[in-house]
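Have the structure open as you read.

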Amino acid sequence: MYLRLRLAVESDVRCVIGINPAMVAALPHQLRQWWPRIVKEVRDGTLGGLPYGSPNPERAAELERLARRHGTVRPAHVWPHMRALFCWTTGLASLYLPRLREEFGAGVTALPAPVAASEGPVGVALDRHRTAGSLVVTAAVHEFADADQDLGPDTATLRPDELEPGRDYHVVFSHVGGLYRYAVGDVVRVVDHQEGVPRLEYTGRGNHRSDHAGERLRDAQVIRALQSALDATGLELRNAACRVATGPRRPAAYEFAVSATTPWSQDESARFTGRLDQALRRESAGYHAARTTDRLAAPTLNLLDPEAFLRDWQEQVACGIRPTQVKDRLFRQDPQLWARLTEPSRG
């Protein structure tokens, strides 16, 4: 990651292709983190401490001028001709991409990557829709099942023309590669139908579900609830995660950890948490029932510093996990993962 960024600062980069949006979100953080080292290597003509090409003191001096002028160096300063980001634009990324685009420059477009898995494609953008792509009808025989149901051998499936806009579905496909009625594990949301073909956006993995008290919350439901609470309060955030917090002297409740774009007051945090609770009730009948019967208490909020999720991502990559595999993770029930993200002493 460092070597690519070191090479890129000497080029006129026009587009960043990340597919995994967490990689794109990490780039401004990495640029700031490694800035002194990058500038020195540009001046010395080295790459990772080894000789590489010719020293470039002119570009190094230009980079130093950018730092003096702007203080915080952003990708937009280093690459003024940036045009586009290419990555998944749904899921948690839908909450932070609007502000992230500004890091790369005014007018930069976020283009949606295909809805696909290694087993086969599902949807690909054929126009400038911000999140959805048309079903790749020639790639496989596609079937769909209601995402609120658990998949089994007897689960009823629907044809593409039977899908309803605004609904979430499991994806099942058969194709010449040898897969027959294979449940890929992804959940998609139908945006609309274009010339008889459904346009789909990725909403998460079907097995990423939190179910402590019968609430059966899926990623997409929580993300929509977060967006609803943000819209209602006018607040913004950089990323979010949640878990079910339990204790011997208190009922179980969802605890949310969020990195805000700007500081939130106590009143703003309280209003956001209340709106979030209301939105979760609307999204999930199971959550509404669990709250009504006191099997779940009201959610709580843990405000983290703006860099918390970026540091967490960087640490996972530094441990040897491929950057493409370190994705935004909403549900973090593992106590060690939660502590790594939320401990105030970190960073």
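## Overall build

Helices here are DSSP runs of H or I with at least four residues, and strands are E runs of at least two, both numbered from the N terminus. Counted that way, the chain has 11 helices and 17 strands. Its radius of gyration is 22 Å, close to the 20 Å that the globule rule gives for 347 residues, so the chain is as compact as a globular protein of that length. Keep in mind that this is a predicted model.

As for overall dimensions, the C-alpha trace spans about 65 × 55 × 35 Å along its principal axes.

## Helix 2 and its two partners

Let's start with helix 2 (residues 21-33) and helix 3 (residues 35-44), whose axes come within 5 Å and cross at roughly 70°. Angles of 65 to 115 degrees count as roughly perpendicular, so that is how helix 2 sits relative to helix 3. On the helix 2 side the contact is made by Leu31, Arg32 and Gln33, and on the helix 3 side by Trp35, Pro36 and Ile38. Sorted by class, the residues of this contact are 4 nonpolar, 1 polar and 1 charged.

Helix 2 also meets helix 10 (residues 308-318): the two axes come within 10 Å and cross at roughly 95°. That makes helix 2 roughly perpendicular to helix 10 as well. Here helix 2 brings in Ala22, Met23, Ala25, Ala26, His29, Gln30 and Gln33, while helix 10 supplies Leu310, Arg311, Trp313 and Gln314.

## Space inside

Rolling a probe the size of a water molecule over the atoms shows where empty space is left. How many cavities of 30 Å³ or more does that give? The count comes to 3.

The largest cavity holds about 50 Å³ of space. Its lining is made up of Trp88, Thr89, Thr90, Pro112, Ala113, Val115, Thr131, Glu201 and Tyr202. By class, that lining divides into 5 nonpolar, 3 polar and 1 charged.

Key. Residues numbered from 1 in each chain as written. Predicted model: local features only at pLDDT ≥ 70, side-chain atom pairs only at ≥ 80, totals over all residues. Heavy atoms only, no water. Axes fitted to C-alpha atoms, helices over the stretch in contact; angles between N-to-C directions. Parallel < 35°, antiparallel > 145°, perpendicular 65-115°, else oblique. Contact = heavy atoms within 4.5 Å. Nonpolar A, V, L, I, M, F, W, Y, C, P; charged D, E, K, R; others polar. 1 Å grid on protein atoms, 1.4 Å probe; cavity = no way out; pocket = protein on both sides within 12 Å on 5 of 7 lines; lining within 4 Å. Points joined across faces, edges and corners; volume = space filled by probe spheres on them. Rg over C-alpha atoms; globule rule 2.2 N^0.38 Å.
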